[in-house]
Amino acid sequence: MQSAIKTARNAAYDGCDAYGFQLEVFSKEQRTDDNMKSIFREMGRKPIYVTSYRSGQNAGMSDDELVDTLAWMINCGATLADVMGDYYCPDPIQITYDTTAVAKQKDAVKRIHDLGGEVLMSSHTMKFMTSDEVLKIATAHRDRGADISKIVTTANSEDEELENLRTIERLRRELDIPFLFLCGGSHTKLVRTIGPYLGTCMWLTVQRHDKLSTNAQPVCRAIRTIADNFDY
């Protein structure tokens, strides 16, 4: 808990505009209302994006339980909840079209909205996809009630990286909700650095790189410098 508070404080000095909190790396013993509210309080009045994925400390929890944790964090002061695109029907690319699962996802989205929160629906495909494939997933997110669509693919060559930049441009023109399009792999830096100038709704950064951070995500202070000085 104290580590999370210190990271939040340091991120403020690095110039972050919002915060992200990943419950799956937070131990269950520390998941109390007081602890969560104390951490969120350190984030001031800035938006707070929260995830509750199936990995890490959440291993073995049901998808219903994961949705419960998202609702709980919204009640504690979070702003934006990440509803996975394959909740209730796990899929390798984290998007399901199973009708029963989709209905439950829509209920989860409504639950978050009723609590005053917003919903980001995510699919970490972790493979290269064409713009047609990406747009299909993003449209599914939108149709399920998501306020923001998040899709993470892969780029392992310059050609794939450039194609991903074109995908961002297409999403900006054809998708009528905000989106966050990212990629992993060996060629990630252009998408993660200039994506918001082309249409993605935010940067995902880390305050520092450590055992809990995502290596592909740039450091906040570096992106702050780019955002303040890149005249595009």
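Because the model is predicted, local features need pLDDT of at least 70, side-chain atom pairs count only at pLDDT 80 or more, and totals for chains, interfaces and linings use all residues, while side-chain values use heavy atoms, without hydrogens and water.

**Stop 1: the sheet.** Select the strands (DSSP runs of E, at least two residues, numbered from the N terminus, as are helices, runs of H or I of at least four). You will see an open sheet of six, ordered β1-β2-β3-β4-β5-β6, with parallel pairing. β1 (19–22) and β6 (179–184) are at the edges with a single partner strand each, so one side of each has no neighbour in the sheet.

**Stop 2: a strand pair.** Now pick β3 (residues 80–84) and β4 (residues 118–124), which pair in the parallel sense over five bridges; pairing takes at least two bridges found by DSSP. Which residue of β4 is the bridge partner of Met84? Look for Ser122.

**Stop 3: two helices.** Select α5 (residues 131–143) and α6 (residues 158–174), whose axes come within 10 Å and cross at roughly 40 degrees. Axes are lines fitted to C-alpha atoms, for helices over the stretch in contact, and angles run from 0 to 180 degrees between N-to-C directions. Show the contact (heavy atoms within 4.5 Å): Ser131, Asp132, Val134, Leu135 and Ala138 of α5 meet Thr167, Arg170, Leu171 and Glu174 of α6.

Technical notes:
Residues numbered from 1 in each chain as written.
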